[in-house]
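Reader: I am new to this structure and would like to learn how to read a few of its features. Could you take me through them slowly?

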Amino acid sequence: MHPFSRTKILLALLLLSTSLSKAQNGGDSFFDSTLAQMNQFLALDTPERIIDKFGGLDSSQAFNTLSCYQQGILIHKLGVSHYLLDQEYQAIPYFMDVVHSLWKSCLEVPTYELANSLYNIGVCYQYTPEKPLAKRYFNQSIRLLEKDSTAPKIALAEKYHGTGIYFEEISDLATAEIYLLNALRLYRQIPGTVIDQFDLLNRLLILGLDFQNHDAVIKYFEEALALHAKFPDKIRSMDLAAVNLNAATSYLETSNFNMAKQLAAHSLTLIDSRTHADLYSNALETLGMIYKRKGALDSASAFYHKVIDLRLAANGEIKHSYQSKSIAFENLSELQLLSGDYTQALKSINSSVRTLCPGLNFEENANPIISLQHLSDPAELVRKLAIKAKILYQQSLALSDKDLLQKSLLTMQKLDTVVGAGIVHFSSDLSQLELLHIIASHYSLAMEICLELFRQTQEKSFLAQAYFFSSRSKAVILQKHLIESQALDSLLTPPEIAKKEAILARIADINNLLQYDHSVADSLLQISLSAQLDLEVFHEYLDTKYPGFMQLKRTYLRVPSILEIQQFLPTDQCLIDFFYGNDFIITFCLTNETFFHTKTNINDHFEKGLNEVIASQYNPQQPFPFQESTKLYNQLLAPTIDQLPQRIKRICILPHGKLHSLSMDAICFQYESDNSNYLISKYAISYAFSTGLFMQAQYQKKNLSFLGYGTNYSQGLNDRLRNGSVIREGSVLASLDMAETEVNDAAALFRGKKQIGDEATLDDFLQHAGTADIIYLSLHGLVDYDHPNKSCIIFDDRGERYILSPQILRNQNLHADLVLMSSCHSASGKIYQGEGVSGMTRAFLYAGARNVLSSLWSATEISATKTLASFLTLVKAGLTKDAALQIAKLDYLQQAPPSQLHPYYWANFVLVGSSVGDAESTGSHYAYLSLFIILMIIILIRIKKQ
């Protein structure tokens, strides 16, 4: 699906509109007559005549007598003329000359006109294969304009608008939303901007499609219709048609075919096919999509062929139409694949890729050679490469052709390259998460291809390649951040580090206020944008000052080899790594000597059983389904565990997809009516988000510093949380009567520091947490499954600040070996496909903690106190953390009354991180190798800089 937008804001609309009269006041007849002729040619839509007549203007004697401001205006007109003729590369030097040679040092030029010139360079790059370069000029332009108090409000609104469109087109969706909301906020304050407001509602509607938030789509659709009803004469029928088509796409994705068809058909009646062939073809394309989804392939094909004919015939009439042509070929290829016409499907998708990437070179197999400079829309290219790989894969199965299967694998490897190259361009963590979430399902196809090649050849390299794809789909962004942080701390100067931390702290504080105090949302939008812009500019500064920084950002792409993992594993521990695909679950198992895989097919019975076990673990009122739990073990775990040698006593599990919500501790390996045959009774169990995070350098300190926080809160806690929209009306957080006792006992065990009651403040945590080896939080925790950044831990509420959100936590520099969260749902959160649970556990790992012990569901105080007290005592005695947690849970099961033996009371706590343990580890070569790579990159960057 591709959203349809109104024609982009034209560059010419942002040129010289506010100060032209000032430049003309000099009364220079040469300037006046030249400008008048240029404007006349533009009014007649003949920009080529400007180029023919005035192309050598800057070398004339009369031109050299003009002021720097007047010279800039005329050169700008030449740049506009090239732009209007789709000659962006010819336009850019004109704008560059204006900015750098003339206007930058010209005192006559108002700041907002200088900002226009920078912005125009960005607009030109936006329509070239070097699209990513546009970001630099957009940022510089807006930075100038925001500082100019004399600039018209409309000028800033237009630039927010256009820049938001740009970020949307490069799939940096979170940043795009900030710009577009700011533009809408300003337009609503400016009379005569109804058309712009309507376009922004459409843009936000498109973002709702991108985020797969169909409630937001309907909200913006209804707002747009209401605005049209209020100003029917202001809004063009083609713009109304675009809104209808985007809403139709949303209804189509939710399988409301009748509503989708009704809106698409209505759009056709609003569009003149002769004057707006591009939008008319969009409406036909939407109808084609509807018929394809309904299974009417012949009707869909007829619409798609009409679309291609229209777009190819339009040529230059549809400005910058390579993207729309590319989508037309893509849709046709999907249809041909459904019909089994592999040859034509492959031809169409290759045409789609070539049309999308006009600036790239191509390999013999028609895959693009990836260039970071020319990679404008990674998400769209990934989608097309996935379709191509699927065509080759299905054709190989139909023809029993191993060569086609190999080509399919090569295409998936290229797709993976695009994913990695695309992520480094985004500074927003949320944008990176959303991008990975959208494309993660494509790795399921990669796994199928690799395993089919392994089945046919029995070559273990294909099994290793499958494991590579599985590993690459897990926690990439988290690993990227940790590697960047380690390197930057060594690379940057203290002032640069301080600047980076200050920017991140601003963004965190603003986002926190935006989430929990909706009354300040409008006033904070521009401040939020300014902070985000500071971050973009800082990254540009790093790329310029440290030429190797971009290479550094790609080091996270490296996945440890099978041999490196085996050398790292202790003799008594194995790694069980799940990949939750579309129709199957692949389980990889590694010990220090073996590597094998098993496969579990996903069907309705399996899904039902898995859902039942997960639901019962979270609900003590629901009898635990021992029989279903045993079935789940037999389907999911037994094929792997039955092959383990007897020396294996510890398992580290890497969950994926829905398995993040399951506590493996309470899976039953043998069914009995009074079952106690839980997996925890056989193995010490820990979890990790990825092999790279599992294989961190181990902690060597023996005397661990301790810092604990516990409080029972004030009596007004719930009212304060409801007033701040932290919890819903009617929700109540119970008092934590044993919190202070928990922290007191733990602090006494480690002879550490503690903050109790009203001293358990967020400010104290932010000031001292970075120095602690063990952090213990006996506090309330909340999780928001839809909006992970709204998950939080609540410190004592008698202070001004008391909510620790993921964005605040991520900006801390922790060195803790262990964080314990004795709080509700602290291990839960929104599950991003591949990246894992985005909640407080991930935030602590993001901040630098090596291991986190947290809760999948609401922890009961009595069971938590017993389990965690026992766990800490065993850790203090020298046991590995996973073994300590196993014994603590088994002790609880032996001592607890029958009414509290349900897994709800004890299986909630999970250990996430790197719990290998120094004593039994056979080595940590990978960890040292990773540190060595980072060190060498830093050295190379410094050498290049000198």
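Reader: Which residue just after α2 takes a positive phi?

Author: Before I answer, please keep in mind that this is a predicted model. The residue is D45, which comes just after α2 and has a positive phi of about 60°.

Reader: How many residues does helix α2 have, and what does α2 reach from its first C-alpha to its last?

Author: One way to read a helix is to set its span beside the expected one. Helix α2 covers residues 29-43, which makes 15 residues, and its reach of 21 Å is close to the 21 Å expected at 1.5 Å a residue.

Reader: Which residues of α2 are buried, and which are exposed?

Author: In α2 the buried residues are F31, T34, L35, M38 and F41. Viewed down the axis of α2, these buried residues fall within an arc of 125°, so they line one face of the helix. The face turned away from that buried side carries S29 and A43, which are exposed.

Reader: How many disulfides does a search of the whole structure find, and which residues are joined?

Author: The idea is to look for pairs of cysteine sulfur atoms within 2.5 Å. The search of the whole structure finds one disulfide, and it joins C68 to C106, with an S to S distance of 1.9 Å. Because C68 lies in helix α5 (residues 68-84) while C106 lies in the loop between α6 (88-102) and α7 (111-126), the pair ties together parts that are 38 residues apart in sequence. The torsion about the S-S bond of C68 and C106 is about 65°, so this disulfide is right-handed. As for accessibility, C68 is partly exposed at 26%, whereas C106 is buried at 5%.

Reader: What is the order of the strands in the open sheet of three strands, and which are the edge strands?

Author: In general, strands of a sheet pair through backbone hydrogen bonds, either parallel or antiparallel. In this sheet the order is β9-β10-β11, and the pairing is antiparallel. The edge strands are β9 (780-782) and β11 (803-804), each of which pairs on one side only. Strand β10 (residues 792-794) pairs with β11 over two bridges, and the bridge partner of I793 in β11 is L804.

Terms used:
Residues are numbered from 1 along each chain as its sequence is written. This is a predicted model: local features need pLDDT of at least 70, side-chain atom pairs count only at pLDDT 80 or more; totals for chains, interfaces and linings use all residues. Side-chain values use heavy atoms; hydrogens and water are left out. Helices (H or I, at least four residues) and strands (E, at least two) are DSSP runs, numbered from the N terminus. The expected span of a helix is 1.5 Å times one less than its number of residues. Buried means under 20% relative accessible area, exposed over 50%, partly exposed in between (1.4 Å probe, protein chains only). The arc is that of the directions from the helix axis to the C-beta atoms. Two strands pair if DSSP finds at least two bridges between them.
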